Amino acid sequence: MKCTKGKWSGFAANANLLVFFMLALFLIGSIPAHATFGVLSKDDKACLNCHAKKPYDKTNAKGDSVSLHINDKKFSESVHNDNGCTDCHTNLEKVDIKKHEKSNNKLIGTRTYSVAAIKVCVECHKKTVKQYDDSLHASLVRGGNEEAPICTDCHDPHSVRAESAIAPVDDVPCGNCHAKIVKAYAGSIHGHARTKQVEAGKIPKDDTKAPICSDCHKSHSILAAVAQGRIANSCLSCHKSALAAHKKWLPNTELHYEAISCSTCHVTTTKRRVDLRLYDTIAKKDISEKTGVPMFESRAKAADIQGLGLDALALQSLLTEFNRDIPRGGTVLRGRLELSSGIELHQLTDKSKAIKDCDTCHSSGTDVFQTVTVSISRPDGRSIRHGAQSEVLTSPISVDSVKGFYAIGGTRIKLLDVLFAIALFVGVTVPVVHMTSNWLFRRYLRNIESKKRAPPPQT
Amino acid sequence: MQRIYVHPLPVRVWHWINALSFVLMILTGIQIRYVGLVSMVSFQTAVDVHNWVGFVLIGNFFIWFLFYLFSDKITVYHPELSPMKHFRDSFRQMKYYGYGIFKGDPNPHHVSVYHKFNAMQSMTYQIIMLIIVPIQCVTGLLLWDVERFQWSVELFGGIRVVDTAHVLTFIVSVVFIFIHPYLASLGHTPMAHYKAMFTGYEEIDDDASH
């Protein structure tokens with residue numbers, strides 16, 4: 001082709017420029033306005049230009065250092081990547097970045113910010129936040145507890161994954177506060193089963209699913225573990241045939257279920273105790289302290305003068321005090337066998353190792369009945385306990401004070417043993433004495449008779 | 001010696017089932033309550049036998065109750081309404097057992113078809129059959145399945161009250177199970193009354209029958 005320098009060179013230069021601009025537009029256009037998995041949106045990239053730096057700390061007006069670092073990779077892979085930064089940080093939607101960078105004195109502490117940010121979570125997670133509001137955790141937060149978890153303590157909003165994501169056993173957020181319990185759980189039969197399912201990459205959706213914390217304690221509506229029957233119901237929700245299986249060998253199965261927590265028999269090497277809980281037979285529920293009106297501890301201390309634990313008389317006196325609050329003598333003590341340690345009760349073992357020997361509880365002097373506590377519910381469902389002496393279970397007064405709890409043989413009243421011993425003694429002695437007296441008397445009479453009949457001595 | 005028919009067949013059947021049941025219930029009851037001290041059988045076996053025999057005892061009670069309810073022999077369980085007569089007869093009987101029997105005195109009570117029990121027996125059997133055994137059976141039933149009968153357990157005051165009543169009646173039964181067979185051996189021969197409870201016929205002196 002003849003060089004057409006001049007007219008054609010100008011055209012070629014324009015064409016090149018056009019191609020360049022089209023390519024640039026194409027490249028610019030290929031950066032998505034909205035994010036996809038692993039890819040940040042344009043707006044979010046603008047935020048993370050600074051916030052992805054590590055470290056990225058700022059000092060607030062109080063002089064506290066606040067970390068503002070966000071892991072951009074984790075955020076891009078989180079479920080919130082679809083929302084973007086300003087969906088939650090709505091106040092920063094049209095912010096001037098330069099001014100925003102300099103506004104340190106508006107920084108508050110992370111905890112304070114996160115508590116306030118629950119208002120943002122509720123926009124999308126209304127039902128879940130409602131469940132959380134009714135929970136023990138929320139109650140503690142409202143009470144000013146700085147350690148109690150809020151949404152962001154369990155769900156880092158910048159790296160939260162889908163519900164279907166399978167987390168390793170030791171990676172559950174519960175371990176942030178309950179590390180020892182999570183460790184104990186990891187070594188339990190449930191923990192081992194869960195680990196196997198996690199390693200296989202598949203968690204079943206039926207009853208063969210090995211439970212993690214939220215399966216028994218619920219994810220958000222977490223209540224005190226002692227809340228009536230709650231944990232037992234969790235066990236039975238998966239172990240549906242457990243009741244029928246126990247009925248094959250365990251007398252009074254339903255009573256055992258009512259009075260004994262599952263872990264009491266299914267955690268083998270640990271200390272057990274009896275907890276006598278104040279119960280209102282009229283309202284048919286555990287008696288609960290009213291907020292701001294603590295009575296139990298002061299009354300218990302007043303009754304337990306020597307500080308050695310409530311004895312039988314002191315316990316009776318405590319009950320009388322509570323019966324003044326509830327008419328018609330509706331206050332009773334309901335006993336329950338449980339483990340002393342919250343950590344150990346997560347160390348459930350294989351059922352072959354569970355306690356099946358009745359003597360463990362049903363013999364006098366057994367360890368199970370040596371530790372006794374009396375308790376009442378707090379308004380948030382947790383228990384307040386006061387120690388009691390083991391004699392409260394075997395004293396004659398217990399017929400009145402502990403009328404709702406009895407383990408045959410294990411908590412028998414000693415006075416009745418004395419009466420039984422007397423009955424045996426009378427039952428054996430009276431016939432023996434009577435027979436002996438009869439024999440001796442008849443022998444005596446025979447001797448007299450024979451002497452009468454004997455001929456007089458010859459003179 | 002004259003023979004009179006005082007123990008009808010239902011009564012004899014009831015009596016020996018009762019006797020065996022009482023003994024089994026007492027033995028298994030001791031094993032259940034004193035599992036750390038006694039090892040006749042395992043706790044679980046004792047509970048199983050106790051439960052089964054308990055139901056036999058409850059059924060047996062109704063054999064006795066229904067028989068006498070529809071029989072003219074119910075007079076043997078009629079209480080003596082005159083306190084003076086009752087006291088006099090009881091004292092006389094106690095004097096016989098406590099002293100007269102050693103001397104060979106005749107029994108002051110004369111057995112008859114409609115009045116076969118002496119004053120002490122009559123009072124004891126009424127207490128046993130109308131108070132002790134019903135309390136024992138009812139409390140036992142409640143303890144057999146506490147959750148099923150929760151409403152009733154609470155009506156009586158709670159499980160500990162129910163169990164205490166059960167144990168107290170057990171203690172009375174223990175005394176009874178020793179004293180009753182011994183007193184039964186104080187007939188004109190040691191086996192006389194035992195034989196009567198098998199055959200139905202008591203042998204009485206011709207003099208006493210007049």
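This is a predicted model: local features need pLDDT of at least 70, side-chain atom pairs count only at pLDDT 80 or more; totals for chains, interfaces and linings use all residues.
Me: What span does helix α21 of chain A reach, and what span is expected?
Reply: Helix α21 (residues 414-453) has 40 residues. From its first C-alpha to its last it reaches 58 Å, close to the 58 Å expected at 1.5 Å a residue.

Me: Why is α21(A) said to lie largely in the open?
Reply: A residue needs 20 or more other C-beta atoms within 10 Å to be buried. Of the 40 residues of α21(A), the number that is buried is one, so the helix lies largely in the open.

Me: Why is A:Lys218 called partly exposed?
Reply: Exposed takes 12 or fewer neighbours and buried takes 20 or more. A:Lys218 has 14 C-beta neighbours inside 10 Å, so it counts as partly exposed. You'll find A:Lys218 in the loop between α12 (213-217) and α13 (230-238) of chain A, with a positive phi of about 65° although it isn't a glycine.

Me: And what makes A:Asn252 partly exposed?
Reply: A:Asn252 has 18 C-beta neighbours inside 10 Å, so it counts as partly exposed too. A:Asn252 lies in the loop between α14 (242-247) and α15 (253-259) of chain A, and its phi is positive, near 50°.

Me: Which residues does the cis peptide bond join?
Reply: A:Lys54 and A:Pro55, with omega about 0°.

Notes
Residues are numbered from 1 along each chain as its sequence is written. Chains are lettered from A and ligands numbered from 1 in the order in which they are written. Helices (H or I, at least four residues) and strands (E, at least two) are DSSP runs, numbered from the N terminus. The expected span of a helix is 1.5 Å times one less than its number of residues.
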